[in-house]
Amino acid sequence: MLQSALEAARAGAATGGIPIGSALFIDGRLVATGHNRRVQDASVIHHAEMNCLENAGRLPAADYARATLVTTLSPCDMCTGAALLYGIPRVIVGENRTFVGGEDLLRSRGVEVTVLDDPECVELMTAFIAAHPALWAEDIGEDESDRP
């Protein structure tokens, strides 16, 4: 499942965006993928998970209740909130070394969170953050001057 999210992350990077990808599976079947499109769309909300959910279209609550959301990077508070809002019971995280999002909140609300610590996901983000620190800070809502 992570491979689908990684392919989406690479697609986002290839078009000048932040290399974060996501995939939504229902009953083990791929329903949609998405990638961070904040740069490409000048969007404040198109993180990978949000873009993936957008690409999945409107789904009934019963579908979300059987879903797994896969993301190459730990989901931020906005994306965590979307997973909680739609009652997605499982989130698979490619890596959380470069950023830790709302994993504890997800767990506290009964969501099964699995962190894979995937080396390719780590490398994608490590390289991107080193090359584009200001863009990364903007993406996670920080002032670049606050970062070490």
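A pocket, on a 1 Å grid over the protein atoms alone, is an open set of points with protein on both sides within 12 Å along at least five of seven lines, while a cavity is a set of points where a 1.4 Å probe fits but cannot get out; lining residues have an atom within 4 Å of a point. What you're looking at is a predicted model, where local features need pLDDT of at least 70, side-chain atom pairs count only at pLDDT 80 or more, and totals for chains, interfaces and linings use all residues. Numbering starts from 1 along each chain as its sequence is written, and side-chain values use heavy atoms, leaving out hydrogens and water.

**View 1. The largest pocket and its lining.**
About 240 Å³ of space sits in the largest pocket (a volume is the space filled by probe spheres set on the grid points, which are joined across faces, edges and corners). Look for I45, H46, M50, L53, E54, G57, R58, L59, Y64, A82 and Y86 around it. By type, that lining splits into seven nonpolar, two polar and two charged residues (Ala, Val, Leu, Ile, Met, Phe, Trp, Tyr, Cys and Pro count as nonpolar, Asp, Glu, Lys and Arg as charged, and the others, Gly among them, as polar). Helix α3 gives the most to the lining, with three residues (helices are DSSP runs of H or I, at least four residues, and strands are runs of E, at least two, numbered from the N terminus).

**View 2. H46, one of the residues lining the pocket.**
You'll find H46 in the loop between α2 (38-41) and α3. H46 is buried, because its relative accessible area is 17% (buried means under 20%, exposed over 50%, and partly exposed in between, with a 1.4 Å probe and protein chains only). The H46 side chain makes a polar contact with the side chain of N51 at 3.4 Å. A polar contact is a pair of N or O atoms within 3.5 Å; within protein, one must be able to donate a hydrogen and the other to accept it, and residues adjacent in sequence count only if both atoms are side-chain atoms. Skipping residues up to four places away in sequence, H46 touches H35, N36, R37, R38, D41, N51 and E54 (contact means heavy atoms within 4.5 Å).

How many cavities of 30 Å³ or more does the structure hold? There is one, and about 80 Å³ of space lies in the largest cavity. Its lining is made up of I20, N36, H47, A48, E49, L73, S74, C76, F99, W136, D139 and I140. Seven residues of the cavity lining are nonpolar, three polar and two charged.

**View 3. The largest nonpolar core.**
This core has 18 residues, and those with the most contacts inside it are L24, L69, I88, V91 and L106. At least two residues each come from β1, α3, β3 (67-73), α5 (77-85) and β4 (90-95). Another core lies apart from it, with eleven residues, including C79, M125, F128 and I129. A nonpolar core here is a set of buried Ala, Val, Leu, Ile, Met, Phe, Trp, Tyr and Cys residues joined through side-chain atoms within 4.5 Å.

**View 4. Helix α5 and what it packs against.**
C79, T80, A82, A83 and L84 are the buried residues of α5. They pack against α3, β3, β4 and α6 (103-108).

**View 5. S22 in strand β1.**
Is S22 buried or exposed? S22 counts as buried because its relative accessible area is 0%. The S22 side chain reaches the backbone oxygen of V70 at 2.8 Å. Neighbours within four places in sequence aside, S22 is in contact with a list of residues that includes A5, A8, A48, C52 and T71.

**View 6. Two loop residues with positive phi.**
Most residues other than glycine have a negative phi. D27, though not a glycine, has a positive phi of about 55°, and D27 sits in the loop between β1 (21-26) and β2 (29-35). D27 counts as exposed because its relative accessibility is 55%. D117 also isn't glycine, and its phi is positive, near 50°; look for D117 in the loop between β5 (112-115) and α7 (119-131). At 34% relative accessibility, D117 is therefore partly exposed.
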